[in-house]
Amino acid sequence: MTLWRVRATIDDRPGFLAVLAASLALRSVNILAVQVHTTEAGAVDDFLIDAPDRLTEADLRAAVEKGRGRDAWISPADAHGLVDPPTQALGQAARLVAAPENLGETLSTLLDCEVAWRPSREPQRYSSHELAVGDPHGGTLVLTRSTPVFTPAEFARAQALADVAGQVTRTQLAQATLLLPDGTELLLRPATRADLAEVVALHERCSPESLFRRYLAGSRGPSASHLVRLLEPQRGCALVAVDAEGQVVALANLVGEGEIAEAALLVADDWQRRGLGTALLRRLISVARPAEFAAVLVHTQAENSAMLRTVRRIADALAVDPAYDRDGAIVTITLALAGRRALTR
C-alpha cells in the first residue's frame with residue numbers, strides 16, 4: 001500500500017462527499033484522514049489515503065473525477081501526513097512561543113510553501129497562489145505555492161500563527177530587567193488588572209504636578225475604572241516598573257487607534273531624573289514596532305523641558321526627525337517608526 005495526498009473540489013451539497021469516498025473505495029483506497037476547506041468554488045476536500053501499490057496517479061485522478069471531484073491535485077505522501085492538521089498547527093504554535101523569530105520557517109513547514117520577506121509593511125492578503133502576513137519583527141512575509149492552491153482555512157492558520165508570534169514578541173520586548181545609570185535594578189513587565197491596587201498607590205504618592213504633567217488636566221489623577229482601562233487597553237499595552245520590594249514605581253502606557261499610538265508615562269517623584277522615563281519610553285517604542293503602529297505620539301506641556309529632552313534623545317537614537325505640533329500650552333511630538341508604512345492622515 002502507498003500513501004497519497006489528494007485534494008479536490010466538490011459541490012458543497014449533501015451526499016457529494018460520500019460519492020467521492022465511494023468512488024475511491026471501489027478501487028480499494030482507504031481514507032485515513034480528511035479535512036474540508038470551504039471556498040467560494042465549493043468544498044475543497046483534502047484526503048490522506050492508503051492506496052494499492054498498483055494504482056498510479058492517473059488511476060487516482062480518474063477515481064476522483066468519477067466521484068464528481070474536479071481540479072484534483074495528487075501527490076505522494078509519507079508518514080508525517082498521518083498527523084492531523086490541527087495538531088500540526090498546535091505543534092508549530094508551541095515552537096513559535098519558544099522562538100517567534102522563526103515565523104517564516106514555521107509557515108513554510110506547515111503550509112509546504114515558499115516564504116519570502118519584504119521590508120515594507122503590506123496589507124494582509126489572500127489569493128489562490130499567494131498569501132501575505134505581517135512579520136512581527138517588521139516587514140511582510142509573502143507565501144507562494146503553485147499547487148495545491150491556498151484555501152481560506154490555510155490563510156486563517158497563517159494569520160493565527162503570525163498573531164502568536166506577534167504576541168510572544170511583544171511580551172518578550174515588554175519584560176526585562178532595567179539597570180538605571182545609578183546602578184539600581186528594576187523589573188519591567190506588562191501590567192494586568194491585578195496591579196490596580198499598586199497603581200492606585202503610585203498615583204497617591206505622586207505630587208499634583210506629576211499627575212498634571214501625565215494627564216494634562218486636573219491634579220488628582222484618573223478614577224479606578226479609568227485606570228483599569230489603561231492597564232488593559234484594547235490595543236497597545238501598559239508596562240509597570242517594579243522595585244526590589246515589589247512596589248510599582250512607574251506606569252507606562254501605549255494606547256493605539258488605527259496605525260497611531262499615544263505614549264504616556266507616570267514616574268513616582270522620588271524616581272524621577274534617574275533615567276527611568278527614558279528607558280520606559282524607549283521600551284514603549286520597541287513594543288510599538290511589532291504591534292504594527294506607524295507612529296508614536298507624545299503629548300506634553302511646552303514647559304516640560306525634561307520630557308522634550310527625553311523624546312529628542314530617543315528620536316536621535318532612532319535616526320528620525322520628530323514632528324512638533326503646538327496647540328497652546330500643549331506640544332504633540334510625532335515619532336515615525338522606521339520600516340513601517342508611510343503615515344497617512
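Predicted model: local features only at pLDDT ≥ 70, side-chain atom pairs only at ≥ 80, totals over all residues.
**Stop 1: the salt bridges**

Start with the whole structure, where a search finds 14 salt bridges. We will visit some of them.

Select Arg61 and Glu57. They form a salt bridge, with the closest N and O atoms 3.1 Å apart. Now show the cartoon. Both residues sit in helix 2, which covers residues 57-66. They are four residues apart, about one turn of the helix. Color by accessibility if your viewer can. Arg61 is partly exposed at 28% relative accessibility. Glu57 is partly exposed too, at 34%.

Next, select Arg118 and Glu122. Here the closest N and O atoms of the salt bridge are 3.5 Å apart. Are the two partners buried or partly exposed? Arg118 has a relative accessible area of 33%, so it counts as partly exposed. Glu122 has 16%, and it is buried because the cut-off for buried is under 20%.

**Stop 2: helix 10**

Move to helix 10, residues 305-318. Select Asp316 and Arg312. This pair forms a salt bridge, and its closest N and O atoms are 3.2 Å apart. The two residues are four places apart in the helix, so about one helical turn separates them. Arg312 is partly exposed, with a relative accessible area of 33%.

**Stop 3: a network**

Now select five residues together: Arg5, Arg7, Asp46, Arg145 and Glu154. Salt bridges link them in a network. Keep Arg7 on screen for the next stop.

**Stop 4: Thr151**

Select Thr151. Where is it in the chain? Thr151 lies in the loop between strand 8 (140-144) and helix 5 (152-174). Its relative accessible area is 1%, so Thr151 is buried. What touches it, apart from neighbours within four places in sequence? Thr151 is in contact with Arg7, His37, Val44 and Tyr126. Arg7 is also part of the network from the last stop.

Now draw a distance from Thr151 to Arg312. Their C-alpha atoms are separated by 47 Å. Along the chain, the two residues are 161 residues apart.

**Stop 5: a positive patch**

Finish on the surface. Select Arg273, Arg282, Arg309 and Arg313. They gather in a patch of positive charge. Zoom in on Arg273. This residue is in the loop between strand 13 (260-267) and helix 9 (276-288). Is Arg273 buried or exposed? Its relative accessible area is 80%, so Arg273 is exposed.

Technical notes:
Residues numbered from 1 in each chain as written. Heavy atoms only, no water. Patch = residues over 30% accessible without salt bridge, like charges linked within 9 Å, V, L, I, M, F, W, Y side chains within 5 Å. Areas by Shrake-Rupley, 256 points an atom, 1.4 Å probe, with all protein chains shown as cover. Salt bridge = Lys/Arg side-chain N within 4 Å of Asp/Glu carboxyl O. Lys, Arg positive; Asp, Glu negative; His and termini not counted. Charge placed at Lys NZ, Arg CZ, Asp CG, Glu CD. Buried < 20%, exposed > 50% of the residue type's maximum accessible area, 1.4 Å probe, protein only. Contact = heavy atoms within 4.5 Å.
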